[in-house]
Amino acid sequence: MEDWNVGLEMLSDVALCRLAEMLDNSSCGWRQLAEAVTEQPQFCYSEKELTSCSLQVLSARGSPGRYMLALLTDRHCSLAFLLQCLKKIENHEAVNFLTTSVMVPVEITVQPQGVQIPEGSCVMLSCRAVGPLGLNYQWFKREEELPGGNTAELILSSVGPAQEGHYICRVNAGEKCVFSKWAHVRLVRSAGSDVMFPSSASGLCITHQPRSQMLSEGDTLCLECSAQANPPPQFQWYHNKQPLAKANSCFLKIPCVTTADRGTYSCRVFNLYHELLSDHVQVEIGPGSCTDASWRTDEEDTPSYTPPRQMGDFYATDKVALLMGNMNYLHHRQLRAPMADVYELTNLLRQLDFKVVSLLDLNWHEMHRAVTEFLLLLGRGVYGLLYYAGHGYENYGNSFMVPIDAPASYTSEHCLWVQDVLQRMQERQTGLNVFLLDMCRKRNLNDDIIQQPGPLKVTANIVFGYATCVDAEAFEVNKDDLSNGIFISFLKKRLMEKEKVTVMLDRVAEDMGRCELTRGRQALELRSNLSERRALTDRIQAIDCPVMASTRNLQWSIAHVLPESRVLQFDCGVKVQLGFAAEFSNIMIIYTRILEKPKDITSCSAQLSDFTEGPEIDLKRTNQESLRDAGSLLLSMDDRLPQEQPRLYTRLCALQRLKRELSFTVCLHYQYTNLDEEVLERQTVTVGKPLVSKLNLHEQRPLHASPSSSSDLHTLPDSSSFAEDLRVEPAALTSSGRRMLQSVQSTVRSLIEATVPTVNLKTCRLHSFEERQSAAVRITIGRTVKHTVLRPYNAPMCFDEWKHFSLQQLRQIQREDVFGVQQSSLMVVELIMSDPDATTPILTWRDTIKLQEILKKSSLSHQFNLRLRQKKVCKLDADLAFTYGSMGYRYSHQIRHVGRTVENLVGKTLFPRCPPNEEQEDQL
């Protein structure tokens, strides 16, 4: 059901009932929908019709929402217009239901298989499909509809000549239907004939055994085990006698193997009646590296299941962006636009699920080190984007980015060479390389050196977007302190479009050409060899090695950990809150707030001083009462912090130059009643190395060398349960993976302590429930327990509650084992039932998930199947995330809020609108 222009009559009864439930509410329900549809005259309803709609609540099974949908159906409302109106009234649940559960095609995943059986045997033909809710099955023998054949399985008992023939299954959702392949049922009348199975007593036969292989690191492992059976066979692969997760098809495919993947493999083949084990095969993994030969098209690969993709079946294994803006030059004209440009682009790329590192005002060494760290985040299939705003030039086709410490007569040796960065990105075997260069391209007469780049690989995945053409300047509009440059002013309007990157940039160029301000002065130039329809909006489908993916997440997260918010207790009885916020990856805001003060103190303020040497701090702008006065022009636009109590703000820039842990003094100035003299108390605070300072970009290291660490990751203590999958021998990784692991070894422990599990409990569907009962959900990590509000029966039950686990709680569970098992690696979710006649709530059903699974993906949507004695009785939908910088307790612009979508994101803000929890623990 891919066509959005079809009418509502195409929806099944099940889908209409679900949609009606979502419209039977007062905030974004059928009344608001009735107002929204009036933008088209044919859907203007009379007062009488709306009254009839509202009176449906008086009927036992009446639904105003269903009645409204019927009115829209009668007037030929299309699904596209309904979806538009649902978005307008902000009924996100209904929008999500239509786009993910209804408007999906019907696709058969399990085809019925032809069989040869002895006369009198029993046959089961199976047909499985996925698609919208309310799928219906109907079996046919040739053109004849089979009575009772309306389930996914067709069982034929005591098969005789009358049942012999061709069978087919029709799967439909409303009027949309697809047919399966034909399955031929044939009788075998003698033992000497063409028998499919060895005997009638054995209905399962392996027809193709897996074979031993010898591979190199980075190759793709493909194993096949084919079988014929009735009922159709199922598969489960094993590695060293341990079952492999999600390896339940006849093909096993493991991309980018390491030595951790070597060992013995086997496959268990089974159905309802029989079970066989395949041959045990040995897989050897020798040393090597990922090569171009391992990139093959889908036609060349061994067939295997791959998830659906977007934009011509393309996806990214990850998305990483480095954004650099240079403004405050030492020997050249200072710029104004890069700060606002980097800010805008960061916000947009985060909405597209990019891991963004945003840095302002870098010198030569810091720019090179930032690029090196950026390259560590890249890998096979990753989309890499580099944006630069600042001074630059181009000589003989080579582009150069100018750092803030470049001398007055700079040459290429003082700058960062763009083509060299491209060559190093290609070595990472990325899926897409995008360069957006917002700089001048005038020739530098001081530089007569012709750089000769090495040979570039033919990857057909490179896109250059220049803000201006060759030998021309790029302009910024001096309108106010936060004006964008010309390039970003037009780019930000198109960046979110689901189009091929080159098509999107072409449209930006057309927009610039139509503008009077830029015509004849600045024109975007696009250079590309991109041969595939890859877009920045492509979804992420992680097919990389789990170790590599986890390491990439950790490496990025290192640069985005904020200090923990804390409360300082002074001897005079005053309590001061110390909070932190990130403006960019290398700029942090510290604010102080008075929480409590004794009644005999008339006035007090907490001011910061004596900062560690390194970061740039304008002493005239410290301890200001507003963010704007502190120099934070961007955050003052958001007004994100409530002003019920005065705060003092201090802005720290150039955190990349912090060489040791950041410490400062909190000076409390207060005055007692009837006393003229001011009293001063001091406390020294150390907050570690925040944000990008943890990467030590200031260290002098050889150019193009990867960071290293003297400590080995596999020597971390066992208490670091979240690094379990990363605790591997260095020999078990490729050279690139080894370098990436080395770069995070020294900071993994502190990073793990800074992660915060976050759970958004959404809807719960109960299979057996009494209307007078109530329910709550309890979440346990180690010995820390959180629970929702006890809610009365509703179908479905909507909890819509966020639960965060603080840093102290997370450190606690890393040290503890409960009931003899490692509960520290599990999140336990339980349903608690309450009956009016019972004195205490009753713990009923439960499910678990490994925290490592959440950590590897950063965030995911998960469905808990709560069970009682292996019987599934309840389904609970939840969003799970590991947030770096304690989302919910303070702010960090790199935290991805799992509940935010492109539609509901607040424009021009880098901060999730999730206020700090005043009370961090639930009372049981």
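Buried means under 20% relative accessible area, exposed means over 50%, and partly exposed lies in between (1.4 Å probe, protein chains only). Keep this definition at hand for the exercises below.

The model is predicted, so local features need pLDDT of at least 70, side-chain atom pairs count only at pLDDT 80 or more, and totals for chains, interfaces and linings use all residues. Residues are numbered from 1 along each chain as its sequence is written, and side-chain values use heavy atoms, with hydrogens and water left out.

**Exercise 1. Work out which parts of the chain are tied together by Glu 344 and Lys 492.**

Step 1. In the salt bridge of Glu 344 with Lys 492, the closest N and O atoms are 3.5 Å apart.

Step 2. Glu 344 belongs to helix H7 (residues 337-351) and Lys 492 to the loop between helix H10 (486-491) and helix H11 (501-514), so the pair ties together parts 148 residues apart in sequence.

Step 3. Glu 344 is buried at 12% relative accessibility, whereas Lys 492 is partly exposed at 26%.

**Exercise 2. Do likewise for Arg 778 and Glu 830.**

Step 1. Their side chains form a salt bridge of 3.1 Å, N to O.

Step 2. Arg 778 is in strand E38 (residues 774-781) and Glu 830 in strand E42 (residues 826-834), so parts 52 residues apart in sequence are tied together.

Step 3. Arg 778 is partly exposed, with 23% relative accessibility, and Glu 830 is buried, with 7%.

Step 4. To finish, look at the whole structure: a search finds 23 salt bridges. Arg 494, Glu 497, Glu 499, Arg 507, Asp 511, Arg 514 and Arg 533 are linked in a network of them.

**Exercise 3. Describe how H3 and H4 pack.**

Step 1. The angle is about 140 degrees and the axes are 8 Å apart. Axes are lines fitted to C-alpha atoms, for helices over the stretch in contact, and angles run from 0 to 180 degrees between N-to-C directions.

Step 2. The contact (heavy atoms within 4.5 Å) is made by Glu 49, Leu 50, Ser 52 and Cys 53 of H3 with Pro 64, Tyr 67 and Met 68 of H4.

Step 3. Between these helices, H3 (47-54) and H4 (64-74), lies the loop that holds Leu 58. Leu 58 is exposed, with a relative accessible area of 69%.

**Exercise 4. Decide whether helix H9 is mostly covered or mostly open.**

Step 1. The buried residues include Val 418, Leu 422 and Met 425.

Step 2. Among the elements that cover them are helix H8 (364-376) and strand E27 (432-438).

Key
Helices (H or I, at least four residues) and strands (E, at least two) are DSSP runs, numbered from the N terminus. A salt bridge is a side-chain nitrogen of Lys or Arg within 4 Å of a carboxyl oxygen of Asp or Glu.
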